[in-house]
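Here is a short briefing on one protein model. Overall figures come first, then selected sites.

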Amino acid sequence: MNNITPNVISKIGKELYKNNAHPLCIVKERVFDYFDDLARIEIESPYVPIEYNFDRLRVPQDHPSRRPTDTYYKDEKTCLRTHMTCYLYPLGKSETGQSKLKYITCGDVYRKDAIDATHYPVFHQMDAFCIVRDEVDVKKDLRNRLAGLVKYLFGDKVEYKFLEDSEHKDIYFPFTVDSLEVVVKFKPEDGEEKELEILGAGTVHPDIMKDLGLPNKKAWAFGLGVERLAMVLFDIPDIRLFWSTDDRFLSQFQPGKITKFVPYSKYAPCYKDISFFTSDKFSYNDMCSIVRDEDKLNFVESITLIDEFKNKGRTSQCYRIMYRSMDSTLKNSEINKIQKSIRERLKKELEVEIR
Ligand code: FA5
Ligand code: MG
């Protein structure tokens, strides 16, 4: 049952969002400041009952996000939180007073995911829940507050879009109705204009309001990715940098200030390909999880499928693992060591046949 890897465990308790000169903390404070009518809550332990993370939020039993290839499970009752929305039920239920029924949380969340510049198995979310007065239009109120947030963070000239579930069928959260996603356009220092999804939101589902004992109340909720905001605001090109302990990274930031990150150098990448016949046990996410576990120093930049063919009912795949250190020049011997461990573990744990 337990599929949490040692390298993920080593990230628990780092609390990057509490170091006030760290970009994640600077962004967190800005968002907290904007929502100054909501109670601020930081919850340290990332272990939560599966009941809160999924069941109480109406996530169906067969939903992909529940799969052990997507979520880290500790035991049959507990997982590492996959989103900060996991506190909606316990916080809503525990308070009879109005105060905690308007709150915003911040914490680290955990997902088994792809390996690239915008995904990391540990990232940070802020999640808000707000009951509105009976005379307020909950749908309008949420959109006004979110438009205000985007302008507060990025300035009046920012280009952004609300993607509504009525027009985009792939936007769906089991715990909200009238759901939407916010996408921001930005142009990194070095490259082309990009669109980045920064948050998901909606009106809390009536079944959940009933479950909280508030059948006649309306509330909105949203959840945002702190790294995504920080990458745009500070021009940080790779999500691994947030974990850097290098002084050339950390010394660039001051509490409360948003400044453009100046890359201190770009080291040469190096790639290794790996080919194998897959097995029933194999999944891309599980492979990424093994790679992240072996890659203690964050050398791996991305993993992409570069070739695939089928022969006599078997599938052969070839993946390219890009290595590039954020802080130093890579030594061939270091990469070979990691690559060897990856091969061994893919054979043993995912039963692939290396070609
Ligand atoms: C959620 O997690 C919902 N709980 C959000 C929500 C809350 C909707 C309340 C409605 C009401 P989603 O999986 O899209 O949704 O993640 C929310 C945000 O987290 C994304 O918009 C993105 O900014 C960020 N995010 C998601 N996955 C990653 C990742 N692997 N690495 C970095 N940031 C991520
Ligand atoms: Mg999303």
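Contact means heavy atoms within 4.5 Å. Among contacts between residues at least 6 apart in sequence, 69% join residues at least 24 apart. This is a predicted model: local features need pLDDT of at least 70, side-chain atom pairs count only at pLDDT 80 or more, and totals for chains, interfaces and linings use all residues. Residues are numbered from 1 along each chain as its sequence is written, chains are lettered from A and ligands numbered from 1 in the order in which they are written, and side-chain values use heavy atoms, with hydrogens and water left out.

**Overall build**

- The protein has ten helices and 13 strands; helices (H or I, at least four residues) and strands (E, at least two) are DSSP runs, numbered from the N terminus.
- The radius of gyration is 21 Å, close to the 20 Å from the globule rule for 355 residues, so the protein is as compact as a globular protein of that length. The radius is taken over C-alpha atoms, and the rule is 2.2 Å times the number of residues to the power 0.38.
- Along its principal axes, the C-alpha trace spans about 65 × 45 × 35 Å.

**Burial and surface**

- Of the 355 residues, 52% count as buried. Buried means under 20% relative accessible area, exposed over 50%, and partly exposed in between (1.4 Å probe, protein chains only).
- The accessible surface comes to about 17,100 Å², and 48% of it belongs to carbon and sulfur atoms. Areas come from the Shrake-Rupley method with a 1.4 Å probe; for residues, only the protein chains shown count as cover.

**Helix H9**

- Helix H9 (residues 284-294) is largely enclosed by the rest of the structure, because nine of its eleven residues are buried.
- Among the buried residues of H9 are Met287, Cys288, Ile290 and Arg292.
- The buried residues of H9 pack against H1, strands S10 (270-277), S11 (300-311) and S12 (314-323), and helix H10 (332-350).

**Asparagine 3**

- Asparagine 3 sits in the segment before helix H1 (6-9). At 18% relative accessibility, this residue counts as buried.
- Its side chain reaches the backbone oxygen of threonine 71 at 3.0 Å.
- Leaving aside neighbours within four places in sequence, asparagine 3 is in contact with Pro68, Thr71, Tyr72, Tyr73 and Lys112.

**Glutamate 189**

- Glutamate 189 lies in the loop between strand S7 (176-186) and strand S8 (194-204). Glutamate 189 is exposed, with a relative accessible area of 67%.

Note on methods
A polar contact is a pair of N or O atoms within 3.5 Å; within protein, one must be able to donate a hydrogen and the other to accept it, and residues adjacent in sequence count only if both atoms are side-chain atoms.
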